[in-house]
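Okay, thanks for coming, everyone. Let me put the model up and we'll walk through it together.

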Amino acid sequence: MTYFSKKLINNIRLFTLLFCVILTSCKSTLDVEGNFPTPVINQMPFSIGVVFDPQFISYRYIETGKDRSEWEISVGKAQVQLFDVVLKAMFSEVITSNKLRGMTNKPIDLFFQPSLENFQYNVPNETKGKMFEVWLKYNLKVFDGQQQLMADWVLTAYGKTPTAFLKSDEAALNEAMVIALRDLGAGIALRFGHVPEINLWLKSKHQALQASTAHQEIDDVN
Amino acid sequence: MSEYKSYQLVLFSVICFGLFGCTTVTIDQGQHQEVTMHQGDSIVVMGRRAGSDYETEPELISCIGEVLAKTNESLNVIPENDFVDRLYPWFEARTAPTHVRDLNRLLSYDKISALIEDYKVQYIVWVDGNTEKTRSAGSISCGLSATGAACFGFGTWDTKSEYEATIWDYNSRQLVGKVSSTADGTSYMPAIVIPIPIIAPVQADACKAMAAQLGHFFGSERKSAEVPNTN
């Protein structure tokens, strides 16, 4: 191979690399970040084991639609952060693990496993109101202390944010994501006890707690 | 030469930043109940976000809060984000009370009522509405050549802001009054080599008008509520 053909190959390589860099920079990437406040709710005197499987922790949405601009959105870290804050406010003890079986030797009242089933978003040129919109559909599985499935609950969340002057698309979509996650947190915190199977379980637990307290009081008097 | 350059710079700045389109603002106020403000009482201004095809802009809410606080120094305005975060998840888009009577249900929770009383909230102001472009016309074309870039053409667009503020009395759990602000404006963009934007600050004017009217609403009432000094 001559000196010139070597140089030509090197130039082609360099050009290809530069072209790839330019192409990559056209893709929008978003690692969702936000602060989630602690919910103001009454804490339940129960322990809960939460299962965040590796797929949930590293959930990433990659846009594959040919008619849409390229987006890569990482939701995993933010959704784990939200569940962590909300569940710690709801339950007196929270233990997290990446698998249901063999989580702990301690007796646990409830087990909880969330999964993100569907993620959708719209950018301003796709909406009438020129807004960024996000829909999230979660499947929330609740197991009793013996790890028997008690409730299989679907919860949807929605967030939107208007386009604003001097705000990047990434910042606007991040804001819509955070609003959707806050909506999810509100749904869990306020509707958990309204799921029929969970409501029944909570009532029986409260009755058992009241009976045991009354029994204890009688023992103390005697 | 340097004087000429600075003259050009000043002229350019005036063209770029000094020209604004005109806005027409209409304010309407309705009062249902008499209101009283005492020293240390606070108000909170929040945006309604439950509409499916529009969103009350957060920057408008913070603008109203800031202008209100600036023009009425004795009025304590709680920032929307602080209040909503502290009372999470009760004032989110889908969980916030939509009617004044819903406050009773919300305040049956001791923790919530304790937090709101901590803030010394006397009035809750809900702002609903948005700003949108209603019409646009004209065209501007830009070209790039070896000698440089240039634009030529003319563009114009109309913007409309419509907001309504509903004022709730936290203590009596009653609707106190409503203030509405409607602003219309036309912006222009002539382009002769460079585009010169002549923007009508419709949203900013709607904010200022709404804040001024709310300030008058609370300010005038506060005067009547002041205890006369008998000494």
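So, how many residues of chain A are in contact with residues of chain B? It's 16 residues of chain A against 17 residues of chain B, where contact means C-beta atoms, placed from the backbone, within 7 Å. On the chain A side, β8 (149–162) and α4 (169–191) each supply at least two residues, and α4(A) gives the most, with six.

Quick housekeeping. This is a predicted model: local features need pLDDT of at least 70, side-chain atom pairs count only at pLDDT 80 or more, and totals for chains, interfaces and linings use all residues. Residues are numbered from 1 along each chain as its sequence is written, with chains lettered from A and ligands numbered from 1 in the order in which they are written.

Now chain A overall. It has five helices and eight strands, taken as DSSP runs (helices H or I, at least four residues; strands E, at least two) and numbered from the N terminus. Of its 222 residues, 27% are buried, meaning 20 or more other C-beta atoms lie within 10 Å of the residue's own, again placed from the backbone. Among contacts with a separation of 6 or more, 68% join residues 24 or more positions apart.

Next, the open sheet: three strands of chain A, ordered β1-β4-β3, with mixed pairing. Pairing here needs at least two DSSP bridges between two strands. β1 (28–31) and β3 (60–62) are the edge strands, each pairing on one side only. β1(A) runs parallel to β4 (residues 71–74) over four bridges, and A:D31 has A:S74 in β4(A) as its bridge partner.

Key: A residue is buried if 20 or more other C-beta atoms lie within 10 Å of its own, exposed if 12 or fewer, and partly exposed in between; C-beta atoms are placed from the backbone. Two residues are in contact if their C-beta atoms, placed from the backbone, lie within 7 Å.
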